[in-house]
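Dear colleague,

I am passing on the structure below, and after it you will find what came out of looking at how its parts are arranged. Please read it with the model open beside you.

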Protein chains: 2
Amino acid sequence: MDRVFQALADGSRREIVERLVRGPASVSELARPLDMSLPAVMQHLQVLEACGLVRSEKTGRVRTCHIEPGVLRTAEEWIVGRRTVWEQRLDRLDAHLTDRPDHGSTP
Amino acid sequence: MDRVFQALADGSRREIVERLVRGPASVSELARPLDMSLPAVMQHLQVLEACGLVRSEKTGRVRTCHIEPGVLRTAEEWIVGRRTVWEQRLDRLDAHLTDRPDHGSTP
């Protein structure tokens with residue numbers, strides 16, 4: 001989880017993810033809109049592959065990259081889980097403040 | 001956005017967020033379950049405050065920390081947005097493969 005959030009903590013890597021959710025792409029296709037050298041893109045891809053967000057395979061001289069949506073979902077689930085806890089707390093506070101008799105007793 | 005994901009890329013800081021979504025807490029309340037010195041917790045809090053995920057105020061000698069849910073939501077929206085694009089692409093691929101006549105033409 002550390003590595004997934006770390007990977008997303010960079011604008012260029014998020015741009016690569018934004019490109020790959022639209023479909024697989026070669027390293028040079030990824031490099032073009034980023035205005036970045038191939039070695040620089042490769043370094044970002046290494047970070048994205050190390051945390052499992054991206055996988056790639058080489059066919060001949062072309063390396064094609066794919067998104068790994070399950071890993072993105074893990075990060076999403078953590079954040080959504082925290083928001084849910086926070087919203088449930090707000091609901092309880094609200095119930096407490098309006099003193100609804102049907103709310104029952106919470107410890 | 002870089003700083004929000006960077007802040008979440010650490011297990012101790014995620015534990016602090018997990019605690020604060022359940023309600024405000026003092027720095028020493030945050031430190032206790034982490035088994036960490038107060039200065040170490042303060043350093044993590046500085047990272048969390050710098051990206052806006054947490055805010056704190058000092059009353060007398062006690063600093064109380066609160067979560068800032070809007071910032072958590074920004075990170076969530078980015079991830080959910082990417083998942084949505086990916087799922088829409090899968091839907092289009094599926095429609096293409098099953099060749100539904102009611103799907104219309106997509107460029």
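Chain A can be laid on chain B by a turn of 180 degrees and a shift of 0.0 Å along the axis, with an RMSD of 0.0 Å (least squares on the C-alpha atoms of residues with pLDDT of at least 70 in both copies). The two copies are therefore related as by a two-fold rotation axis, and the same surface serves both, since 100% of the contact residues of chain A recur in chain B.

This is a predicted model, in which local features need pLDDT of at least 70 and side-chain atom pairs count only at pLDDT 80 or more, whereas totals for chains, interfaces and linings use all residues. Residues are numbered from 1 along each chain as its sequence is written, chains are lettered from A and ligands numbered from 1 in the order in which they are written, and side-chain values use heavy atoms, with hydrogens and water left out.

At the interface, 30 residues of chain A are in contact with 30 residues of chain B (heavy atoms within 4.5 Å). The area buried between them is about 2,800 Å², with 64% given by carbon and sulfur atoms (accessible area, 1.4 Å probe, that two parts lose on being put together, summed over both).

The rule finds eight salt bridges across the interface of chain A and chain B (a side-chain nitrogen of Lys or Arg within 4 Å of a carboxyl oxygen of Asp or Glu). A salt bridge joins the side chains of A:Arg73 and B:Glu87, at 3.1 Å from N to O.

With kind regards
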